[in-house]
Amino acid sequence: MYQVLSTKKLSPLLVARAREKGIHIIEQEFISVRPLPLEAHKAEILSRLRPYTAIVFTSAHACEALTSFLNKAAVPGPLNGNVYCLSGKTRESLPSQLTAFVTDIADNAASLAQKIVARGEKEVLFFCGNQRRDELPHILKSAGIAVHEVVAYETTEVPSVALPDPDGVLFFSPSAVRSFFSANRLPAAAVCFAIGPTTAAAIGELTPNKVLTSEAPSQEMMLACVEFYFQNLNSLE
């Protein structure tokens, strides 16, 4: 039985399926996420929803914060316009009021930014966290696109000592990577699994261990990557 540490909670069904395939997943969260009330931004948000500024999401947490806000706020009339978001959990977590207006999706923030530029947008409303990465706003601003940011959630690193000598570790964000490695070192044979290229790059900055990146930013694809690796470990060495 392979021992794999996940740095965030996973779907119980995925954990059970992995165990059936000889992979025991231990879940231990290394970051804490707190949604922030958006009422302080109500005037700005509603004014930019109509006339509609393109809305951008790179996190499911941002989607959930806006969903809570829209369910409470009195939003006059139907929404319309262009929505840009990452695939996987972010796409699945969009507010129901916006799902009909998805214009483009991408697997990472840089690719999403390029699609927004190609669409000719002039300004965007970007719902993000307090530790958001620079790639997307930098690309958009360099192309002359105005970026209005609303910080919708707060991420806090929660370092702790993990189980000794895991065979693999699952990482879902650069902040979780930093939190984990601030308190832990991995044995040379341990493999790191990253939700996407940005997270993979953060891992590479802190450890020489092998890094494998999920083909798409979802828990399902992450676990598929883990299962494929360990099922084919002997042939891959």
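Helix H5 (residues 109–118) lies across strand E4 (54–57), E5, E6 and strand E7 (123–129), where contact means heavy atoms within 4.5 Å. H5 runs at about 145 degrees to E6; angles go from 0 to 180 degrees between N-to-C directions, with axes fitted to C-alpha atoms, for helices over the stretch in contact. Helix H6 (residues 135–142) packs on the sheet too, touching E4, E7 and strand E8 (146–157), and its direction makes about 170 degrees with that of E8. Helices (H or I, at least four residues) and strands (E, at least two) are DSSP runs, numbered from the N terminus.

A word on the ground rules: this is a predicted model, with local features needing pLDDT of at least 70 and side-chain atom pairs counting only at pLDDT 80 or more, while totals for chains, interfaces and linings use all residues. Residues are numbered from 1 along each chain as its sequence is written, and side-chain values use heavy atoms, leaving out hydrogens and water.

Now the sheet itself. It's an open one of 6 strands, ordered E3-E8-E7-E4-E5-E6, with mixed pairing; two strands pair if DSSP finds at least two bridges between them. Strand E3 (31–35) and strand E6 (102–106) sit at the edges with a single partner strand each, so one side of each has no neighbour in the sheet. On average, neighbouring strands are turned by 20 degrees against each other, direction ignored. Strand E5 (residues 83–86) pairs with E6 in the parallel sense over 4 bridges, and Leu-86 has Ala-106 in E6 as its bridge partner.

Elsewhere, helix H1 (residues 12–20) packs with helix H9 (residues 219–231) at an angle of about 10 degrees, their axes 11 Å apart. Leu-14, Arg-17 and Ala-18 in H1 meet Gln-219, Glu-220, Leu-223 and Glu-227 in H9.
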